[in-house]
Amino acid sequence: AVALVNLVARRWGPGMLFLLPWLCGPPVIYWAMAGYADVPMALLLLAGTAVLLITGPSQPVAVAGVLLAGCALMKNEGLPLAVLTAGSVLVLSPRKAAAGKAIGAAVAAALPWLLFTRIRGIPSDLVTAETLRPARVLELTPRLWPIAEAWASQLASVRAWGLLVAGAVAAVLVGWRPRWDLLVAFLCSVALLTAIYVITPYDVA
């Protein structure tokens, strides 16, 4: 993770060092010590994206594809996150061919698992015909407010993501500006995770 931040900062300037607080954020340490798959999934997503963006026209995109494929296979949300990120690069930056190949690698890697679970009848506990029923989704829209409150409290808390927010603000103040493709990918990812919280059959708390 430290090597990844070093790579990104060398390529896009010291402002990107604001990512360092993410590595020592209390949630990351807790999830890593508990063995949750969220941490390696996030690292594979970030590493795959960074490698994709620094891969030149004469260099193979296989490394980025393999890293994003690892993200896709790590958790159920890994595949849509990888596709959203590489898809934003595909649409909004000149790296269209590389991003298209990276998406193809991620989808190809996840396809056997998707087919296996389909054939074996292994259901998802979140995405089912019932959880996606339009009438049910509309009934659950009041969940958006407590979800937004939870996002806000996590971003404001030093025990959660407050350090990362402070680092991002400091980076902007010293001149760093986010890439449009990655900003779109980030916002789409937030929307995806919010939608998961809305449709979950579990207590939203």
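Is Trp161 buried or exposed? Trp161 is buried, because its relative accessible area is 17% (buried means under 20%, exposed over 50%, partly exposed in between, with a 1.4 Å probe and protein chains only). This is a predicted model, in which local features need pLDDT of at least 70 and side-chain atom pairs count only at pLDDT 80 or more, while totals for chains, interfaces and linings use all residues. Residues are numbered from 1 along each chain as its sequence is written, and side-chain values use heavy atoms, without hydrogens and water.

**Aromatic pairs**

- The whole structure holds three aromatic pairs (ring centres of Phe, Tyr or the six-membered ring of Trp within 6.5 Å; planes under 30 degrees apart are stacked, over 60 edge-to-face, the rest tilted).
- One of them joins Trp31 and Trp161, and it is tilted because the planes stand at 50 degrees, with the centres 6.0 Å apart.
- This pair links distant parts of the chain, 130 residues apart: Trp31 is in helix H3, and Trp161 is in the loop between helix H9 and helix H10 (helices are DSSP runs, H or I, of at least four residues, numbered from the N terminus).
- Trp31 is partly exposed, at 29% relative accessible area.
- The rings of Trp113 and Phe116 are stacked, since their planes are at 25 degrees, with centres 5.8 Å apart.
- Both Trp113 and Phe116 lie in helix H7, about one turn apart.

**Accessibility of other residues**

- Trp113 counts as partly exposed at 46% relative accessibility, and Phe116 counts as partly exposed at 39%.
- Leu73, in helix H5 (residues 62–74), is partly exposed with a relative accessible area of 47%.

Terms used: Helices (H or I, at least four residues) and strands (E, at least two) are DSSP runs, numbered from the N terminus.
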